[in-house]
Amino acid sequence: MKGKRKKYECVFKESIVITSYQRNCITQLENEFGLFSGALTRWRQHFEKSGSKNYSSDFYLNLKSTDLRIRRLRQKINKTDLKFEILKKAGPYLNKGRESLFQFIYSNEKNFSVKLMCSVLEAGTVTYSRWKNHILTDTQKRQILLEQEITSIFFASKQRYGSKRIAAEMQNLGYQITGSGVRKYMEKLGFSARVKK
């Protein structure tokens, strides 16, 4: 029948583990303190995994901070690689305007994060979202509404009303617009009043 293993206090385990890191001789320490074979290796693994929950030494904290720095550096390297990849792929689209950049971002959403692409390509995430979702600003909504109303009045008058008469009709309907404002919209829409013969 095998003998029972001796139980050790956490403070004892911690001090032995730290000593093992300092001396770098596991088997010699196990023999010196009468530990079972493999105990120190197991304690070191536990020490590295659980950290300050069971072992709260400065050594572990220093080890942990070094690991964190390495992890952060790796993340920065990965992010830099991603940025380079985005620029490489977006090269042909860079001089073609905002519309083509947004099209590039949209087609690569599955490959890269939208936030990162917008950051690298210096495009606003909000502007891109509006483009993607076709969200109109209040000004754009007002322009569309005015264009529709001007078109309606223009064709209801059998294309005889000019900008001043259309402006007067719209003011009667409650719109705040001048004749020159209506003229700009009419020019944009390609409307011109027919002259009676």
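This is a predicted model: local features need pLDDT of at least 70, side-chain atom pairs count only at pLDDT 80 or more; totals for chains, interfaces and linings use all residues.
**Close-up A. Helix 5 packs against helix 7.**
Helix 5 covers residues 98–107 and helix 7 covers residues 125–133; their axes sit 11 Å apart, at an angle of about 80°. That makes the two helices roughly perpendicular, since angles of 65 to 115 degrees get that label. On the helix 5 side, look for Arg98, Glu99, Phe102, Gln103, Ile105 and Tyr106, which meet Thr127, Tyr128, Trp131 and Lys132 from helix 7. Sorted by class, this contact comes out as five nonpolar, two polar and three charged residues.

**Close-up B. The largest nonpolar core, with 14 residues.**
Ile86, Phe104, Ile105, Met117 and Leu121 have the most contacts inside this core. Helix 4 (58–90), helix 5 and helix 6 (114–120) are the elements that each give it two or more residues. Zoom in on Phe104: leaving aside residues up to four places away in sequence, Phe104 touches Ile86, Lys89, Ala90, Tyr93, Met117 and Leu121.

**Close-up C. Another core, lying apart from the largest one.**
This one has 13 residues, including Ile166, Met170, Val182 and Phe191.

**Close-up D. Helix 8 crosses helix 9.**
Here helix 8 (residues 138–156) and helix 9 (residues 163–172) cross at roughly 115°, and their axes come within 10 Å. The pair is therefore roughly perpendicular, and the crossing is right-handed. Helix 8 brings Leu146, Glu149, Ile150, Ile153 and Phe154 to the contact, where they meet Ile166, Glu169 and Met170 of helix 9. By class, that's six nonpolar residues, two charged and no polar.

Definitions and conventions:
Residues are numbered from 1 along each chain as its sequence is written. Side-chain values use heavy atoms; hydrogens and water are left out. Axes are lines fitted to C-alpha atoms, for helices over the stretch in contact, and angles run from 0 to 180 degrees between N-to-C directions. Helices (H or I, at least four residues) and strands (E, at least two) are DSSP runs, numbered from the N terminus. Angles under 35 degrees count as roughly parallel, over 145 as roughly antiparallel, 65 to 115 as roughly perpendicular and the rest as oblique. Contact means heavy atoms within 4.5 Å. Ala, Val, Leu, Ile, Met, Phe, Trp, Tyr, Cys and Pro count as nonpolar, Asp, Glu, Lys and Arg as charged, and the others, Gly among them, as polar. A nonpolar core is a set of buried Ala, Val, Leu, Ile, Met, Phe, Trp, Tyr and Cys residues joined through side-chain atoms within 4.5 Å. Buried means under 20% relative accessible area, exposed over 50%, partly exposed in between (1.4 Å probe, protein chains only). A crossing is left-handed if the near helix is turned anticlockwise from the far one by less than a right angle, and right-handed if clockwise.
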